[in-house]
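Dear colleague,

I am handing over the structure we spoke about, with the sequence alongside, and my notes on it follow below. Please keep both open while you read.

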Amino acid sequence: MVNAIKFVYGKTLKDFILCLSCLNFAEAEKEFKKFTKKDYQKLVLKIIELRLTGIFLKFIKNHDHINLKNELFFKRLLERHSFIVKKNLLAYKDCLQISKSLEDKKIDYRFLKGVPLSLNYYKDINLREIRDVDILIEIKDLRAVLKELGEIGFHASRNPKAEIEKIKVDPTKYYDAPELINSNGTRLELHFRLGNQRPDIEDKIRKQIFFNLDHALIGNKKILTSDANSIFLHLLYHSSIKEFFNPGPLYLTDIHFLINKLNKEVLIKDIKELGLEMHLMLIINIFNKYSKEKIFSKNKQLLEFSTEKKEEISCCENLLINRELGNEFTPLFLSNSFSKLLKISMTFFASKSKIEHKYSLGTQSNMIWKFRFIRLKGILVLLFRQILKLKSPFNVFKEIRDLRKIDKLIS
């Protein structure tokens with residue numbers, strides 16, 4: 001176990017993963033040669049965890065002398081990836097049906113994150129795993145959209161019997177509807193906002209996503225997306241503010257495929273207006289370091305940041321590679337008071353509105369205690385999994401330090 005921990009937190013693994021994420025295969029190969037054969041299985045498990053299988057297989061294909069092909073765990077990786085690609089295809093098929101259904105009703109929408117990135121920028125269904133489909137709609141259309149999705153086979157993942165068009169969502173507390181799923185296993189997240197963490201920033205990015213209309217093609221059929229700049233701004237908000245770098249180094253891969261499509265002058269202007277300069281400089285410094293590119297290299301502020309904030313950059317690299325603390329527990333460690341602890345503890349006694357949102361109760365108020373028990377059980381399972389995920393007290397304290405350092409920089 002000690003050796004596994006050292007490997008997962010080792011510099012060689014970090015450098016390999018970050019070079020691989022930036023598709024800098026030449027530098028990634030130098031790091032790969034430092035691994036021993038006994039490291040390979042642990043490496044493959046980390047690749048799966050970070051959703052980098054497609055990029056890793058591309059790296060292996062371009063470096064035939066890397067002998068992994070006869071290992072049983074590598075063959076299982078190939079089988080798993082084949083399943084992911086088929087799942088991606090099913091998700092694209094569902095996107096077409098969703099698009100047609102919403103456009104027939106003249107409902108405005110935009111596909112977010114993975115789907116437009118894969119179709120318009122990666123342009124290879126083998127490279128990026130689509131975990132779920134994200135759609136942004138206007139809050140006024142929520143009930144109509146839920147009705148349409150119900151008619152094409154989507155249901156609430158936590159409560160399949162619920163009539164989803166009757167789901168009650170409090171827009172003052174939540175930014176999305178309860179998770180939906182269909183018979184293909186396609187998970188759908190229906191957003192009417194991008195998040196609750198920074199409403200001022202979220203509102204401006206959301207408006208830009210709707211204003212800057214673009215499309216992606218599946219076959220010869222269009223689905224509605226936004227332009228590259230808006231996608232980049234959403235990535236910046238989602239990864240650094242909403243998820244606190246939990247999306248991992250796939251964030252860097254997204255930037256790699258997106259960067260040459262950006263209107264950089266307009267982007268810098270928008271980022272300054274949104275107050276996201278620190279967020280941008282943090283991730284671009286990491287991207288430039290491991291890709292060996294020079295994005296925004298003439299930006300004086302960026303150059304100063306790279307020399308003055310080396311510790312913060314290193315902290316961010318650590319968070320991209322290893323996150324032991326789940327997002328649910330992160331606010332506790334970023335707080336200097338017990339208010340967050342009190343807030344988290346109150347989830348064990350969740351209000352009716354919270355339970356209805358997660359489990360799609362609709363009008364079944366008589367079932368409230370049943371679902372309260374289910375939610376309590378779910379939280380205990382989440383807590384148990386979090387405890388199992390913790391590898392050592394030292395790593396936890398180090399991650400808390402990194403989280404606090406970055407939070408201080410970008411708050």
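How many nonpolar, polar and charged residues are there, by class, in the lining of the largest cavity? Before I come to that, please bear in mind that this is a predicted model.

**Cavities**

The count comes to 6 cavities of 30 Å³ or more, and the largest of them has a volume of about 100 Å³. Its lining, sorted by class, has 6 nonpolar, 2 polar and 2 charged residues. The residues in question are Ile268, Ile271, Lys272, Glu277, Leu280, Met281, Phe296, Asn299, Gln301 and Leu302, and at least two residues of this lining come from each of helix H12 (264-274), helix H13 (277-291) and helix H14 (300-308).

The second largest cavity holds about 70 Å³ of space, and it is lined by Tyr9, Asn318, Leu319, Asn322, Asn395, Lys398, Glu399 and Asp402. Two or more of these lining residues are given by helix H15 (310-321) and likewise by H20, with H20 supplying the largest share, 4 residues. By class, the lining of the second largest cavity has 2 nonpolar, 3 polar and 3 charged residues.

**Helix H20**

Helix H20 covers residues 393-410, which makes 18 residues, and from its first C-alpha to its last it reaches 26 Å, close to the 26 Å expected at 1.5 Å a residue.

**Aromatic pairs**

Turning to the rings, the count comes to 12 aromatic pairs. One of them is formed by Tyr122 and Phe257, which are stacked, with 4.2 Å from centre to centre and 25 degrees between the planes. This pair links distant parts of the chain, given that Tyr122 sits in helix H7 (residues 114-122) and Phe257 in helix H11 (residues 250-258), 135 residues apart. Tyr122 and Phe257 are both buried. Elsewhere, ring pairs join Phe16, Phe25, Phe32, Phe35, Tyr40, Phe56 and Phe59 into a cluster.

With best wishes

How values were computed: Residues numbered from 1 in each chain as written. Predicted model: local features only at pLDDT ≥ 70, side-chain atom pairs only at ≥ 80, totals over all residues. Heavy atoms only, no water. Expected span 1.5 Å × (residues − 1). Phe/Tyr/Trp six-rings, centres within 6.5 Å; stacked < 30°, edge-to-face > 60°. Buried < 20%, exposed > 50% of the residue type's maximum accessible area, 1.4 Å probe, protein only. 1 Å grid on protein atoms, 1.4 Å probe; cavity = no way out; pocket = protein on both sides within 12 Å on 5 of 7 lines; lining within 4 Å. Points joined across faces, edges and corners; volume = space filled by probe spheres on them. Nonpolar A, V, L, I, M, F, W, Y, C, P; charged D, E, K, R; others polar.
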